[in-house]
Amino acid sequence: MIPYRADDVADPTDHLPVVTIGLIVVNFGVFFYELALGGQGSELNSFINAYSLVPCEYTHRCAMFAGTPDPFWLTLFSSMFLHAGWAHILGNMLFLFVFGIHVERSMGGARYLAFYLICGLGANALEIATSVGSNLPGLGASGAISGVLAAYLLMYPSSHVRTLVPLGFLFWTARIPAWVFIGLWFLLQLFSGLASISDATSGRVAYSAHVGGFVTGLLLVHLFAQSDRVNQLRVYHQT
């Protein structure tokens with residue numbers, strides 16, 4: 001299912017989601033830089049290996065790639081802005097736009113940006129813990145965006161998500177409760193992550209990072225959300 005709009009959370013103040021838009025612009029900017037490096041060439045591979053998250057570097061089970069920034073923990077942040085292809089970045093940015101604009105409005109720009117980055121760190125932490133010997137580069141905004149989904153779920157569980165459901169070459173629209181859409185998404189990440197732990201050295205989606213970001217978001221959302229904004233929106237949609 002492809003989300004394209006969140007219902008029941010429209011902003012009566014028409015607040016411009018500056019941070020969400022900024023994050024999308026930065027992610028695409030870095031991706032276009034990757035494209036400029038060219039295809040699968042050695043220059044692109046060197047850039048990806050140097051600035052992505054490599055678990056075994058953090059567990060001291062492998063040497064760092066040449067070109068890794070100093071200090072190397074900067075890759076905890078730089079990896080959040082790298083993507084492996086068009087499908088990867090388009091999917092991530094769509095989810096960030098649909099849900100991020102509402103979470104940002106409920107937290108305020110600065111608090112939302114801090115929340116986003118901390119969720120990304122939580123995602124990377126679980127990825128390292130579950131892939132201690134892996135030298136595969138981990139990259140993408142998925143972990144941080146997972147935290148955004150968790151925040152949206154807790155703040156607006158009774159809202160609905162407009163989605164496109166592909167059936168062959170056709171797409172049908174559906175209006176799904178947010179707790180169903182996000183809940184099923186998280187269960188998929190959780191079970192897929194558990195199934196992939198035993199195969200930590202093979203190429204795969206970093207499901208554990210998704211789980212880590214989501215759990216971090218669940219734990220921290222109430223520290224960052226501004227309850228008066230959330231309550232204002234809930235009252236607005238109940239009247």
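Helices (H or I, at least four residues) and strands (E, at least two) are DSSP runs, numbered from the N terminus. Two strands count as paired if DSSP finds at least two bridges between them.

The model is predicted: local features need pLDDT of at least 70, side-chain atom pairs count only at pLDDT 80 or more, and totals for chains, interfaces and linings use all residues. Residues are numbered from 1 along each chain as its sequence is written, and side-chain values use heavy atoms, with hydrogens and water left out.

**Strands**

| Pair | Sense | Bridges |
|---|---|---|
| strand 1 (residues 2-7) and strand 2 (residues 160-167) | antiparallel | five bridges |
| strand 2 and strand 3 (residues 170-177) | antiparallel | eight bridges |

Asp7 has His160 of strand 2 as its bridge partner. Thr163 is bridged to Ala174 in strand 3. A hairpin is formed by strand 2 and strand 3, with two residues between them. In its turn, Gly168 has a positive phi of about 70°.

**Helices**

Helix 1 (residues 18-37) and helix 5 (residues 86-107) have axes that come within 8 Å and cross at roughly 170°. Axes here are lines fitted to C-alpha atoms, for helices over the stretch in contact, and angles run from 0 to 180 degrees between N-to-C directions. The two helices, helix 1 and helix 5, are therefore roughly antiparallel to each other, a term for angles over 145 degrees.

The contact (heavy atoms within 4.5 Å) includes Leu23, Phe28 and Phe31 of helix 1 and Trp86, Met93 and Glu104 of helix 5.

Methods
Angles under 35 degrees count as roughly parallel, over 145 as roughly antiparallel, 65 to 115 as roughly perpendicular and the rest as oblique.
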